Amino acid sequence: MNKEMIRPQITAYECMLLIFSELVKKGKTLLRQDTLVSTLYEYRENEATEILFEDIAFRKNLDTITSVDVEDSLSRLQTFGAIGRLNPAYEKIVIYISREEADNFLNSFAEQYKDAADIVSEAF
Amino acid sequence: MKELKDKSSYKQIADDVNNFVKLKLDHFSIEGIEAKTIHDPIWGSTGYSEWEMQLIDSPLLQRLRNISQVGLAVLTYPAARHSRFEHTLGVAAATKRLVDRINTNCEKFKIEADIKNKLVLAAIMHDAGHCFYSHLSESIYGNLKDFSELKNDIKKIYGVKPKAHEILSLVIVNSDAFKKFFSERVNYPNKSNINRLCEDVGKIIIGVNIMDGETIESYQTSIINGSFDVDKLDYIKRDSYTAGLALDFDIERLFTKIKVHTLSVDGQVEHRLVIQANGVTAIEELTFCKIMLFSYIYYHQKVLITEDMIKDYVQALLKLDIINSYADFLSFDEASLLELAQKQGDKKPFPMYGDICLTQLADNIRNRILPKRCLEISQSIVQNIIKEEPEKNIELQRMLDAIRDNAGYDIKMLDADINNMISYYTRSNERYIAGFMSRFESGTFDGILKIRKQIYDVLVDIYQKNALNVDFSVFDIYFVFPSVVSYGTPGEKNVLGRDGKLMSINDFVKLEQWASSFNAYKWRGYVYVTSKINKEYALEACRTVIFENKIELNELKSFLKI
């Protein structure tokens, strides 16, 4: 038994925060919620972006794609005030991260992660 | 499962687990074990067949009697002494009822006896992989390097991310020792393909859909590991009952409205577990109960601190090479774990962090000497930290002028500006703490220990400035950062409308939105200190380490008893 304790290189929460930070840089702070998971799903096996999804599993049924990890990360981001969901229909996610905060967060990750987040963020 | 079994990550853990299962089952005699009726406060009287009892009475399942269902919550809710064993019986009882009700509710679809037996077997074995203090121990062994490799391999092959104990349950069910016992001694009704049966059971436990030819039999997995699975049906009722909490949901309504629906898309067929639209209220209640249960029991501040104390103790056992294998994790129960300190109590597991010894760690838990909160972290404790940006009003005016004057506003620019404005103007009521909290996300034990050390170092400075004696260590400071309560995937289409159309729970109640809003205001992180440390000073140190002295905190003293 190897007793070294490890954590993912990038957690589901960090992946979402990274993508949202890229979106802030691009001036895109309003997102449709209903297509979020299916859009991310398209990038999970893309050679350039798969590193982002180390900690995210998707469940694909015949007619839907869902992800507990994405849902939990959104809930976490909302808990920390980084995103909100607009009343009353809740169909949009609003990103509250400032440009400065987005830059700080992006800079804490290696280039390959930033590049991957840049590619994924183009889809929104 | 061949691909998984061929992985070195699987083989290594499987060997270890196989030795444990062999030890438990090799000398166990099934002689005289008969069918029984067992009485239970949650499910009433349930009949268990001969083969079910042969498994239930085996040492492999009996060990669950000594693993508490709710970990150390018993130190806060004294009556919550129930074990994984009662829960396992309850899950098996719920499975039988649910399958029978599905067969009554569906006109054309019937769950055959073979499938029912397989599901009951999965129910009986679903928690067989739990180790001492249930989820607490899995948060340790589940993050060890070789276990993490196995988790990654499972994700690559099946696309799922099961809990660590579910993986151990899969490995147990598919161990040679278990299959030998099951095929040679258990009187299971159909033993024509034990390998396939055990593989299916393992997959169901970790949440992988079962295939029958080209048909996706997702209902089988959903019954044991899904949005409204039998596991939840039992633990929500049982945990709230024993803790004395008045939480309930309408299980009769759920049983009346649950069905298996046949879905066909592009020639592929899926048999999916669904709830009829007029039974959605039962799912709402179930979700609400789950979230409340986390809030009341599992994330109760006293429960969280006791769990962190035992984590220190288990990490100490790992560092001192007292726990050396997954078989050790499976072999120790909660009583024998604490007894280890009596034999090797004077050893010092964390020399870098002071003189704390095993006995002290164990005694504090055994005698319920708990540290107290000095800081509660949440959106509500921070003052509004969002800076006013008066230039935004000018920007907005400029933008409106440009639109009104039809001054050739670039559409892309307009889109970005509108986004920016909405983000700014709707943000004003939010309490933004992500910038501080993100660095604590998913911290390992060593990572969290470093934060505790930082708080300790600042505290030592404060004590020295005040000419006070420092008689505490890092292990008098605890930093607890729980995850949010998962409300699952309400976007999954498992609600059957009157017209036969499938919808999601979200189509009815926007469940994920109210659940995440509830989470946002209920979540709490904590810093605790023992009575050796002055809480005023501790709070000061926390402001420095956690919030970097950058934000104003609301008054905490009134309810934190500082």
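**Salt bridges and rings**

Modeller: Over all chains, the structure holds 36 salt bridges. A salt bridge here is a side-chain nitrogen of Lys or Arg within 4 Å of a carboxyl oxygen of Asp or Glu. This is a predicted model: local features need pLDDT of at least 70, side-chain atom pairs count only at pLDDT 80 or more, and totals for chains, interfaces and linings use all residues. Residues are numbered from 1 along each chain as its sequence is written, chains are lettered from A and ligands numbered from 1 in the order in which they are written, and side-chain values use heavy atoms, with hydrogens and water left out.

Start with chain B. Lys22(B) and Asp26(B) form a salt bridge, with 3.3 Å between the closest N and O atoms. Asp26(B) is partly exposed, at 31% relative accessibility. Lys22(B) is partly exposed too, at 41%. The cut-offs: buried means under 20% relative accessible area, exposed over 50%, partly exposed in between (1.4 Å probe, protein chains only).

Next, Lys116(B) bridges to Asp100(B), with the closest N and O atoms 2.9 Å apart. This pair links distant parts of the chain. Lys116(B) lies in helix α6 (residues 113-125) and Asp100(B) in helix α5 (residues 84-105), 16 residues apart. Helices (H or I, at least four residues) and strands (E, at least two) are DSSP runs, numbered from the N terminus. Lys116(B) has a relative accessible area of 22% and counts as partly exposed. Asp100(B) is partly exposed as well, at 37%.

Lys180(B) is partly exposed at 46%, whereas Glu184(B) is exposed at 54%.

Chain A has a network. Glu22(A), Lys26(A), Asp118(A) and Glu122(A) are joined by salt bridges that share partners. From the N terminus on, they run α-β-α-β-β-α-β-β-α-α. Of its 124 residues, 58% count as buried.

Charges also meet rings. In chain A, the charged end of Arg44(A) sits over the ring of Tyr41(A), 3.7 Å from its centre. In chain B, the charged end of Arg452(B) sits over the ring of Tyr478(B), at 4.4 Å from the centre. That wording requires NZ of Lys or CZ of Arg within 6 Å of the ring centre and within 35 degrees of the ring normal.

Now the rings themselves. There are 31 aromatic pairs over all chains. In Tyr141(B) and Phe147(B), the ring centres are 5.4 Å apart and the planes stand at 70°, so the pair is edge-to-face. Rings of Phe, Tyr and Trp (its six-membered ring) pair if their centres lie within 6.5 Å; planes under 30 degrees apart count as stacked, over 60 as edge-to-face and the rest as tilted. Tyr141(B) is buried at 0% relative accessibility. Phe147(B) is buried as well, at 0%.

Tyr463(B) and Tyr537(B) are another edge-to-face pair, 5.6 Å centre to centre with 70° between the planes. Tyr463(B) sits in helix α23 (residues 445-465) and Tyr537(B) in helix α26 (residues 535-545), 74 residues apart. Both tyrosines are buried.

Back to Tyr141(B) and Phe147(B): they belong to one aromatic cluster with Phe132(B), Tyr133(B), Tyr326(B) and Phe329(B).
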